[in-house]
2 protein chains.
Amino acid sequence: MASDVWKEYESNEISHSVAHHLTAIHELMDDLGYARVSDVARALEITRGSASLTLKALKARGLVVEDHNKFLKLSEDGRRIVDSILAKRAVVRKFLNEVLKLDEHQAEVDACKVEHLLSAQTGGQLLHFVHFLLSDDPTAQQFLAEFWSKLDQKEEWQWPVQDVDQLFNLESR
Amino acid sequence: MASDVWKEYESNEISHSVAHHLTAIHELMDDLGYARVSDVARALEITRGSASLTLKALKARGLVVEDHNKFLKLSEDGRRIVDSILAKRAVVRKFLNEVLKLDEHQAEVDACKVEHLLSAQTGGQLLHFVHFLLSDDPTAQQFLAEFWSKLDQKEEWQWPVQDVDQLFNLESR
DNA sequence: ATCAGTTGTTTTATTAGCAAAACATCGGTT
DNA sequence: AACCGATGTTTTGCTAATAAAACAACTGAT
């Protein structure tokens, strides 16, 4: 694997932590109508000091703006980022839970882990896919019914699967 | 979102960095027949000092074992982890590239980002899904053909999509 | 007006992961 | 024997993200 591939992991627009600071503000605005440093800290269950530092950096990056009275809100850029994250989270969670039939907790955890890592391209294509897959199109419904019935029949695969490549006739890496 | 969900991000078995140190050893064994600290550093394009420290920790964790002459290899646990990572990477890459039709580079990058984050459950179910989806089952083939034709017709969605929830009739979060 | 509670910030410390540089060691050449 | 190159380690410093603790400022109740 080329190093320019694996090193892109750190070169993300936002980190996991930042993603959740931003979405916390978004949800607090919905739920309480306001969001202060302490509210974010409580929501994320971290100390006020930690939240204060991270949010200071986010203000410097222009993703969060502060009221005359220490009330926080998302900037235009911040809102755009939160929208893309929540969209990806929703799509991934729906796919994992309603298609792959993973339990809701697992689906939520895994969606939360990857939501900030997927490119806009990937998010968009996945949205197309899941939208069609769960539509009332008879082809989609027939396919899903078939898949789920095979899932039930199938004895559990040993995981990790050593021979995924063989299973797919892949030339390995 | 409950904090016990988003905080699980850090509580992973292995980090992105560790995943690639381990897979580097695996691939070096395949390609060269051996793997030393310097070889890993070269493969990952990091300094020998950094690799030395990370690999020391991995030896302490019992994932890597060292030869009488500084030659590294994976332990049984290390091999098990590498197998699961490579399997997830292969499945995700295949899904993104061959189903969602993302270009190979994008598929590789995104697969690399999430490979170490997906649970074994998720990896297993995704493997089932992709395996059936790309099989010669006529239902699967018909569904894919239908999906791809819709992809072509479809004008690109605006991304981020603000109304994913509405699109899916989700109650939001 | 004082006292208590909440809030926000700063400082100090920790961990993971990297770079850079100094250092030691070993192997082969000349 | 002296040297060069490659290798491995250690030390120092950096950044992101956290905790913990100290501190200042504001709010409200009595």
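Modeller: Let's start with a definition: a residue is near a molecule or strand if one of its heavy atoms lies within 4 Å of it. This is a predicted model, where local features need pLDDT of at least 70 and side-chain atom pairs count only at pLDDT 80 or more, while totals for chains, interfaces and linings use all residues. Residues are numbered from 1 along each chain as its sequence is written, chains are lettered from A and ligands numbered from 1 in the order in which they are written, and side-chain values use heavy atoms, with hydrogens and water left out.

Biologist: Thanks! Which residues come nearest to DNA strand C?

Modeller: There are 18 residues around DNA strand C, and A:Ser38, A:Ser52, B:Ser15, B:Ser17 and B:Thr47 come nearest. Among the atoms of DNA strand C within 4 Å of the protein, 65% are sugar or phosphate, and bases make up the rest.

Biologist: What makes the approach of A:Ser38 to a phosphate oxygen of DNA strand C a polar contact?

Modeller: A polar contact is a pair of N or O atoms within 3.5 Å; within protein, one atom must be able to donate a hydrogen and the other to accept it, and residues adjacent in sequence count only if both atoms are side-chain atoms. A backbone N or O atom of A:Ser38 is 2.7 Å from the phosphate oxygen, so the pair qualifies. The side chain of A:Arg42 places an N or O atom 3.3 Å from a phosphate oxygen of DNA strand C, and for the side chain of A:Lys56 the distance is 3.1 Å.

Biologist: Which helices supply the surface near DNA strand C?

Modeller: At least two residues each come from α3 (37-44) and α4 (48-60) of chain A and from α2 (16-31) of chain B. Helices here are DSSP runs of H or I with at least four residues, numbered from the N terminus. The largest share, five residues, belongs to α4(A), the helix that holds A:Ser52.

Biologist: Why is A:Ser52 called partly exposed?

Modeller: Buried means under 20% relative accessible area, exposed means over 50%, and partly exposed is in between, using a 1.4 Å probe and protein chains only. A:Ser52 has 35%, so it falls in the middle class.

Biologist: And what about DNA strand D: which residues come nearest?

Modeller: Of 19 residues around DNA strand D, the nearest are A:Ser15, A:Ser17, B:Ser38, B:Arg48 and B:Ser52. Sugar and phosphate make up 64% of the atoms of DNA strand D within 4 Å of the protein. The elements giving two or more residues are α2 (16-31) of chain A with α3 (37-44) and α4 (48-60) of chain B, and α4(B) gives the most, five residues.

Biologist: What makes an empty space in the protein a cavity?

Modeller: Rolling a probe the size of a water molecule over the atoms shows where empty space is left. On a 1 Å grid over the protein atoms alone, a cavity is a set of points where a 1.4 Å probe fits but cannot get out, and its lining residues have an atom within 4 Å of a point. The structure holds one cavity of 30 Å³ or more. The largest cavity has a volume of about 240 Å³, volume being the space filled by probe spheres set on the points. Its lining has 17 residues, with A:Val92, A:Leu126, B:Val92, B:Leu118 and B:Leu126 closest to the centre.

Biologist: Which classes of residue make up the lining of the largest cavity?

Modeller: The lining has 14 nonpolar, two polar and one charged residues. Ala, Val, Leu, Ile, Met, Phe, Trp, Tyr, Cys and Pro count as nonpolar, Asp, Glu, Lys and Arg as charged, and the others, Gly among them, as polar.

Biologist: Why is α2(B) called largely enclosed?

Modeller: Twelve of its 16 residues are buried, so the rest of the structure largely encloses α2(B). The buried residues include B:His16, B:Val18 and B:Leu28. After α2(B) comes B:Gly33, with a positive phi near 90 degrees.

Note on methods
On a 1 Å grid over the protein atoms alone, a cavity is a set of points where a 1.4 Å probe fits but cannot get out, and a pocket is an open set with protein on both sides within 12 Å along at least five of seven lines; lining residues have an atom within 4 Å of a point.
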